[in-house]
Structures are given as structure tokens and as C-alpha cells.
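Here is a short briefing to read alongside the model. Please keep the viewer open as you go.

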Amino acid sequence: MLAADLRGGYQVVVTDVNKDGKPDLVALASGMTELLWFEGPKWERHVLATGLSRMINTWPMDTDGDGIPEFLLAHAFENEAARSLGIVSLLTHGEDVRQPWTVREIDRLTTSHRIRAANGMFINAPLTGASAVAPEYRDHTPLVAYRPGDWHRQLVNGDDEGVVHGIYITDWNRDRREDILTASFKGIHVNLSQADGTWKREKIVDGDPAPWPKSGSSDVTAGYLRQERFLAAIEPWHGNQVSVYRQKGGAWTRMVIDDSLMDGHTVFAADLNGDGKQEIVAGFRGGKQGIYIYYEEDGRWIRQVLSEGAVAAAACAVADLNNDRKPDIACIGATTLNLILYTQK
């Protein structure tokens, strides 16, 4: 365990903060006013930035070419759009990266919620539209981008609706440009990056077929079973299901491989055992609170319990964190307040 006092633990990110060639962990906890990072491989704790409230997401990208990432941060977040300032700030380092970084506000967009990077730009996916009200959250939800330098908000797409809880960056159509998968009440869509700098939105699947607002998807990832691509999703919003989508005859078919989760909140794919097939890792914050791994064998998905009770997994990240050439998993806990590193023997 790397920390046990992270109030409202929400996100963990792997990046090299100090340009030493070794992975570090950035830990974001919504109930704290300090954004933390843990310096690998000894995991010494440092403060990245201070004086921040209701942080919800951050992402690194080296925007100035000095080998040290800048961070875009979404904070002042609330689920209720009318109360959410949605501040978006840029974090930049000084001479000593171990000292708190400079925080500069660049935008305010209601319920700014997921920050990622694609094609040299930061991506910001708000949770809802500005007029959305629980429990229906009926409004169009924007997806926007910021190009380093001018930092002006650019609209990627404004056609999604309801809660957009998860996004995933991947080269979906293999054209060497990064695209954006979104998971929302309307299902899973892809925003395809075009050569002229615009984006083209296409639906992939509808997600959970239940009536709105229990419809669609909450979190999404793309993975591979050797040469076959698949999608995995938590469904519906903060849901109980792990769903897998595979293509048959040109159409995507849905298989619910687990419906026992409570407050599912993170999903990703990674080849954990080196067999060329990626496993699905799903984390959930409620009930037994934990992390499950799903292995594919002959069309079936076999569940393995990585952890139950130790971490209310709000987010996880996978990387080789101890230089043994095997992927490790770091997870941050919400009500458990902790950051735990799981390594393979």
C-alpha cells in the first residue's frame, strides 16, 4: 500500500514526472486539496499542486518538448450541473519538479469530468450538459479539445446526450490518428479524427438496452484477443455489468460476462500473462469493493478475484512499475482512501 489517507480517491495515472526514465504515479483524490505524485521505484510522496478543490481528473502531456509532462486538470466539479464550475487548469513545473507546480486556469466548462490527450491536444469530456438535471440528465453533452499554445476550447462534438461517464483514446480505424471512444446513456460512439482536423462521430453499439436513464454505457476500453478486436464496458452508469462486444458477421454482439458488480467504475484491457490475448480488468467501489480480472478461453470469460474488500477501486492503471518486464496494476480507492500497487510474482 502506497497511501491510506486519500480522501475520495478517484484517479491514478502512470507517467514519468521527473524525467528519470522511471514510471511515477499521480494520485488524484476529490476530497483533498493537494494533487499528489509518488516517485518510483521507492514511491516517495510529493505534492504536485495545492489549493485545489473537488478535483476530478487530470492527464499528462509534454507540450513544450522538455521531456517533462504538463498536466491538464479538471476541478471544482459537482454532479449537479447548476453547481459545477468545471474549472480546467494547466499545471506547469518550475526548476524543481518536487516542489508544487504553477496552476493556471484556462477554461470553465460545466461538469468537466474526463481529461485525456489525443493527437497533441488535451481532450475534455464533461459529465453532462449545462442544463442537465437528475435523474434524467436530458441535455446534449459537449466533447471538447485544447491545443497547446492558444488553449482555446474547440468543439469536437456536441451530439452526445445524458451522462457521458467514460472516454478512451485509440486509433480505432488504423489511420495513425488517435480517435475518441465515448460511453454514455446513448451507448458507445467513436469520434474519428479527420485529416483536416475535424472529427466524425459514429455509433458502435447501444450499450445496455434498458430504458433511459439506465441505458447505454458508463466506461469503455478496447482490447485484443490476438488478431481480434473487442470492446469491454461497465454498464449502465455506475453499473453492475461487465459487457464484452465482439464482431460477428460485421455486427457487434453483446455478452454480459458479469452482473455482480456494485458501482462499477473502471475498466481496461491488458495482456497480463503474455499470451497475446488481453484480459479485462474491472474495478468497483460498492458492495465487496474490489478488482476482478477476466480471462478469455474458447469464447468464455473466466473471472479471477484480484482483490475484494481492500480497495474501493475508482480507477486503476497498468504498467511495468517495478522493472521486471511484467505488467503491474495500481488502483486508487474511494471510501477506502488508499493507493495500492499489485505486482506479479
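The notes below start with the whole chain and then move to particular residues.

This is a predicted model, where local features need pLDDT of at least 70, side-chain atom pairs count only at pLDDT 80 or more, and totals for chains, interfaces and linings use all residues. Residues are numbered from 1 along each chain as its sequence is written, and side-chain values use heavy atoms, with hydrogens and water left out. The chain has 27 strands and zero helices; both kinds of element are DSSP runs numbered from the N terminus, with helices being H or I of at least four residues and strands E of at least two.

**The chain as a whole**

- The radius of gyration is 19 Å, close to the 20 Å that the globule rule gives for 345 residues, so the chain is as compact as a globular protein of that length. For this value the C-alpha atoms are used, and the globule rule is 2.2 Å times the number of residues to the power 0.38.
- Along its principal axes, the C-alpha trace spans about 55 × 50 × 40 Å.
- Of the 345 residues, 56% count as buried. Here buried means under 20% relative accessible area, exposed means over 50%, and partly exposed is in between, with a 1.4 Å probe and protein chains only.
- Among contacts (heavy atoms within 4.5 Å) between residues at least 6 apart in sequence, 43% join residues at least 24 apart.
- The accessible surface comes to about 14300 Å², and 46% of that belongs to carbon and sulfur atoms. The areas come from the Shrake-Rupley method with a 1.4 Å probe, and for residues only the protein chains shown count as cover.
- On the charge side, there are 36 positive and 47 negative side chains, and the centres of the two sets lie 3 Å apart. Lys and Arg count as positive and Asp and Glu as negative, while His and the chain ends are not counted. Each charge is placed at NZ of Lys, CZ of Arg, CG of Asp or CD of Glu.

**The disulfide**

- A search of the whole structure finds one disulfide, a term for a pair of cysteine sulfur atoms within 2.5 Å.
- The partners are C316 and C331, with their sulfur atoms 2.0 Å apart. Their link is right-handed, with 105° about the S-S bond.
- The pair links distant parts of the chain: C316 sits in strand β25 (residues 313-319) and C331 in strand β26 (residues 328-333), 15 residues apart.
- C316 is buried at a relative accessible area of 11%, and C331 is buried at 0%.

- A cis peptide bond joins W212 and P213, with omega about 5°.
- K214 is exposed, with a relative accessible area of 55%. Not counting residues up to four places away in sequence, K214 touches D208 and P236.
- The C-alpha atoms of K214 and P135 are separated by 9.9 Å, although the two residues are 79 apart along the chain.
- Is S217 buried or exposed? S217 counts as buried, at 1% relative accessibility.
- Leaving aside neighbours within four places in sequence, the contacts of S217 include A183, F185, I188, G207 and I234.
- S217 and A195 are 22 residues apart in sequence and 29 Å apart in space, C-alpha to C-alpha.

**Backbone details in other loops**

- A cis peptide bond also joins G40 and P41, where omega is about 10°. P41 is found in the loop between β3 (35-39) and β4 (44-49).
- R174 has a positive phi of about 60° although it is not a glycine. R174 lies in the loop between β13 (164-170) and β14 (179-184), and counts as exposed at 52% relative accessibility.
- R226, a residue other than glycine, has a positive phi near 60°. R226 is found in the loop between β17 and β18 (228-235).
- G274 has its place in the loop between β21 (264-270) and β22 (279-284), and is exposed with a relative accessible area of 64%.
- G274 and D324 are 50 residues apart in sequence and 13 Å apart in space, C-alpha to C-alpha.
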